[in-house]
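Hi there,

Here is the structure I promised you. Please open it and keep it beside you while you read my notes.

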Amino acid sequence: MINTRQNYLNAKRFSAELALEHIVPHNVSFYLIPPVVDLTIEEFEKLALERLKMLRLLEQVTAKNPKVSPEAWREAALAEVHHEGLRTYAKLCRGNITDDVSKAARRRDYLSHFILRFAYCRSEELRRWFVAREMELFRLKFGALTMRDVKEFLEVYELDYQPLSDEEKAAISEHLCASTANQTRLKIETSDFYAVHFTQVLNLVRDRKCFLKGGIAYIPPEHFLHVIGSKHQQIIEDGLKAHLRMLPTLEIDERFSMLLKSIHTSYTGKNYTVAKTGCVPIESLDQLSKKSFPLCMRHVHDTLRATHHLKHVGRMQYTLFLKAIGVTMEDALRFWREELTRGKVPIEKFEKEYAYSIRHNYGKEGSRINYSPFSCLKVITTPIGPAETHGCPLKNMDASSLKMKLTGFGLSAIDADDVAGYAAKGHYQIACGKYFEVLHETKLEEGINHPNQYFELSQLTMAGKPTTDRSRQSTQQQRQSYSQHATQDGNVTILGDSSTLNNVDDDQELWEIMESKDKEVDGTVGEETQTKLATQTKQTSQSKSSLQKITAQEWEEEDFDLLGLDE
């Protein structure tokens, strides 16, 4: 393994940027040495969210293509990377090219990896997710390397692996042909094979995908990824443990503490704070809800129509969604006035209290923050209590109730089983995408990440317009600055999800008013209404797979001591 201590000492002789270039000499990196650079909070946040978007993209590709070949998976992943405009990672997935653009991409890749280590080191569940996604990214980058690039990688990181010589390969050529499926003899003769101890590739030995002799496994270049990947995984796991020890020191700064805690639930997609679809009349909401509302918003809408009551989180979730699809504040006030006064809310009470919260959501009261609508992650992760109808039905409903609701919405039993099957595995956004495809009888080319994205894609589909070109254009035009700028008149632009990204606290005055109203209304809601509102929380069994541990170099804690690097 590369001499990390010597590299660390060499790097300290240069400026911060030159040191970073010195320790990242290849497009595929082992992330051995923590970088020493100055970053603003904005740069720190932007790098973290760019990588988070990439990792989430890989998670969705893997979930959608669980049993495809490595080549098909790689092709699907690259198509999504290009579609989302992730140029940094697209550049790193083209082999080891050394130019100014590649060096800039390496810098962003290296810094963002160490930033996310701090965000994902705090729990076993987060560490497991991060390691799995980073291994997918490593697999994507390493798979683009040529034989020459692989040799350069081995030299850079001083890994003691040498391809077989022509004489060695000729001596066992028949066995190599017999053990390598779907490869021509010419391909085998021109490819590099590596000899490793069989314990490093137990999965290949088990599946009989390599030639084994005398405890040595002879593996082709496409399977050499397993050997290097196991070392890469161990480095990341050890690095997360080291970052966990440093976390208390870093979290002394409240800015970092709030940012790191909110990264995992941050929304990384298009901005839907301000409606882009024009004015939507409230008279059309019933019709729109049947096809253009995602399941979470349709469930809230139907519950409101049936009971004329929603608790405060449900009202906020639905109001922000309506605002973003194009319902004006005046129409929103009229809509909520008509619905709530049909229930237990007197008109005087609505005008005095409830109307304030609606104007507040539109940025016209209180702190005048024009709140972003809930993203899928916000909807999924927001806690739900008794008699509450917000959140994601795909997560919160048990399988039988979910299937019953889906069939009631017109899905066939087979389609309902497919949607519920994805939901049972924890793939709620993929299940939502399947729900979209069934209702619209079309193939969805992108994943669902936001309820307002669902609405927008639905409107485009029903209008007969292509969704892919529109989405790609929106991605290019709307670069996320991940900051919010408030003005006195309430005309605010918030890029990203202000409720999760920057950990913006909702106005305390609003929450106190809404909660006090709920307590009064709850006392008058009958048992029959509560039964309609009650939802059952589904316990999804999470499969726990232990990551393979291999022997690797133990890191000294001082190697990761960022506070001492400037000495």
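This is a predicted model: local features need pLDDT of at least 70, side-chain atom pairs count only at pLDDT 80 or more; totals for chains, interfaces and linings use all residues.

Residues are numbered from 1 along each chain as its sequence is written, and side-chain values use heavy atoms, without hydrogens and water.

The axes of H6 (residues 100-120) and H13 (residues 221-250) cross at roughly 70° and come within 8 Å. Axes are lines fitted to C-alpha atoms, for helices over the stretch in contact, with angles from 0 to 180 degrees between N-to-C directions. Helices (H or I, at least four residues) and strands (E, at least two) are DSSP runs, numbered from the N terminus.

Contact means heavy atoms within 4.5 Å. On the H6 side, the contact includes His113, Phe114 and Arg117; on the H13 side, Gly239, Leu240 and His243 are among the residues.

Now find the sheet: 3 strands form an open sheet, ordered E1-E3-E2, with antiparallel pairing (two strands pair if DSSP finds at least two bridges between them). Strands E1 (194-197) and E2 (211-213) are the edges, each pairing on one side only. Between E1 and E3 (residues 216-219) there are 4 bridges, and Ala195 has Tyr218 in E3 as its bridge partner. H13 also packs on this sheet, touching E1 and E3.

Enjoy exploring!
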